[in-house]
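Please read this briefing beside the sequence and the 3D view.

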Amino acid sequence: MARLEVEALCKGWAFPVIDRLSFSVEEGEFFVIVGASGIGKTTLLRLISGLEPPDAGRIVVGGQDQTRLPPYRRRIAMTFESYALYPHLSVYENIASPLRARSIPAAERDRKIRDVARLLRIDHLLDRKPGAVSGGQKQRTALGRTLVADPDVFLLDEPISHLDAKIRHELRTQFHSLEDLRKVATVYVTHDYAEALSLGDRIGVMGAGGVLEQVGAPRDLFEAPANLTVAEHLGQPTINVIAARLRRDDDTVYIQAEGGALRFPVAPAHVPTLERHGAERLILGLRPQFLRPDHPDGLTAVPAEVDIFEPLGATGVMIAHSGGVRLTALTDPESHFDTGDRVSLATNPARFHYFDAATGRNLMVPG
Amino acid sequence: MAQVALSKVNKIYGAGKGAVHAVQDLDMTVADGEFVALLGPSGCGKTSTLRMIVGLESLSSGSIHFGARDVSRLEPQDRNVAMAFETYALYPSFTVADNLAFPLEVRGIDEATRRRKVGEIAEILEITNILNALPPELSGGQQQRVSLGRALIREPAVFILDEVMSHLDAHLKFRMLFDLKRLHRELGRTMIYVTHDQVEALALADRVAVMSNARLQQIGDRNALYNAPANVFVADFIGEPPTNFFTAQISDEGLAVENTDIRLRLRASTRQALAARKSATVVAGIRPQNLGIGEAAQTFSATVKINEYLGERSILTVENGPVRLQALVPPETRAARGDPVTLSYDPAHVMVFDPETEALIC
């Protein structure tokens, strides 16, 4: 039972993969690191597990510095993207392998293995060899092997990303009911923001250069992203990012798109902060979900012409242009629009995000 | 340009007791210039079907026509069909331009024509700026586009895409969806897209062919698959989260869901259709997006188990007795584990299936 602390971890000097990264994960906490492919998420897990030595910084588990401990001495269980299953052992024996070394009564061991196999929907494959199951089933076997272990820390590297869409969503929901995961510190790495929002007690968004752009509860990150990188990484379709200028017209403050006629009134609550900031040039962030042609809960609307409309499952996505600016909006999936249709896109300026044009910092988020 | 017609196509691997019937009595027509997705879980027969269309696999019986031409026995290179794969399979030491030109070079097409065609295809795929780059220098999305370009440059009559997006990350995938749609519009080719991802299939294709257990379950557009799924499999496979199903008994008011206090009202036409049935037991289905939160004309109560916040929306997993179901709700919903919740629905959205055949009754 232990807390995981990562302190000022570094890997790589001239071009750091991980750059003075610090965070801690409480016992029983599910901490998700989300970031684009190749950003250094796997490297971070390899450093925590001891498979690679850090160039600087410390890994502390349960108050004990483990930075110099070899991997097998750490009470850490990790899944690998490459599965690393024993080809000559059955799925059952592969899942059982972390339990062999420990003195667990046979009946309890068997129950643990079958429980996890049922959860991962591979209970019908227990007698097969890894060579006789599909890639997705291999991935679940590897995940099962990690989950039966009884570590202080779980490290899960994209454990469900290679699965069929259908089963991925099922397993995501099931992770919520997995009691063992909720007892120890877990670090879960993914590129899928929906997985991160769904599963994380807290989320860290990893940006270029091996830094955490923001750490916080899912709702806080989505509704109050610290900067443009976080705002762009969370959300599908991606947030509309519009280079804009602050304008004053009589008593009303407007935000006007660069080189275009598109403009919105600024919400009264935002005006003091924007005026204190002082810069005329800003970046306006406008989530597609708050720009809607069919649910005018909005306080203001702009005319637009439809370029593309696609119904995508639970929502429809519209790409339109207004005053020379390209906008993505969400619609009801049942609605239908044709290219060239003229629509009115309603929005609520209280939902807007304003970012510093140079640094990308969210002006409404302190710090 | 060609219509693709599969008629009574069967594929049986092996013989005797160990024989596997991978594709069974498949009848399907893809119109000239149409974009059809072949959708289904792993092992449903979609890849075997695709391989038979391309000519990489022989037919056990039945026929495949491209337009008026029977291609069932033709070699792949004689069918005028091109295919792009999940893996990019680019030559790492060739530039993007040389990779694109290669299929033309092996056909002995002169250099001026090759250069013109590479330019055209690069423009459509928006890769003109990377023509001189080598594949290892490119991102996954760029490599995928080059791979598409290499298949397209032959100007095939039929163009087949096999899971081409499954290795792309979410944001890139989203862009590729729009790119592929545009590509289809601009080229007007017959396209068949194979995938296990229903969101991709519905987003891209004019019509989606849903396969399971070696058989075609239903072919139709989004509206048909969502609102009139042929059977339980289609209702479950199409839509995310999947349709909620319950075993229920027909009663005077509508349906009584087994082992719960959920009573579902039905619209008049559904009640009439059920009145003629001998058995009182049916399978009812309702989609998570058709369950709302709060008071309305028709409601039932449940207890929240999981509230999954997903940014643009939330998924509530709730229980009533032993029945677990999911509802798609606004992200503002704060209900937490253990909270009671009232779910509302419109009787028009309750689907009813036969428990034996699993076919849609109404």
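In this predicted model, 29 residues of chain B are in contact with 31 residues of chain A, where contact means that the C-beta atoms, placed from the backbone, lie within 7 Å. Local features need pLDDT of at least 70 and side-chain atom pairs count only at pLDDT 80 or more, while totals for chains, interfaces and linings use all residues. Residues are numbered from 1 along each chain as its sequence is written, and chains are lettered from A and ligands numbered from 1 in the order in which they are written.

**Where chain B touches chain A**
- The largest share of this side of chain B, five residues, comes from α5(B), helices being DSSP runs of H or I with at least four residues and strands runs of E with at least two, numbered from the N terminus.

**Two helices**
- Helices α2 (residues 96-105) and α3 (residues 111-125) of chain B pack at an angle of about 125 degrees, with their axes 9 Å apart; axes are lines fitted to C-alpha atoms, for helices over the stretch in contact, and angles run from 0 to 180 degrees between N-to-C directions.
- α2(B) and α3(B) are therefore oblique to each other, since angles under 35 degrees count as roughly parallel, over 145 as roughly antiparallel, 65 to 115 as roughly perpendicular and the rest as oblique.
- Among the residues that make this contact are Leu100(B) of α2(B) and Val118(B) of α3(B).

**The sheet**
- Six strands of chain B form an open sheet with mixed pairing, in the order β6-β7-β8-β3-β9-β10; two strands pair if DSSP finds at least two bridges between them.
- β9 (residues 207-212) and β10 of chain B pair in the antiparallel sense over five bridges, and Val208(B) stands opposite Gly220(B) in β10(B).

Note on methods: Contact = placed C-beta atoms within 7 Å.
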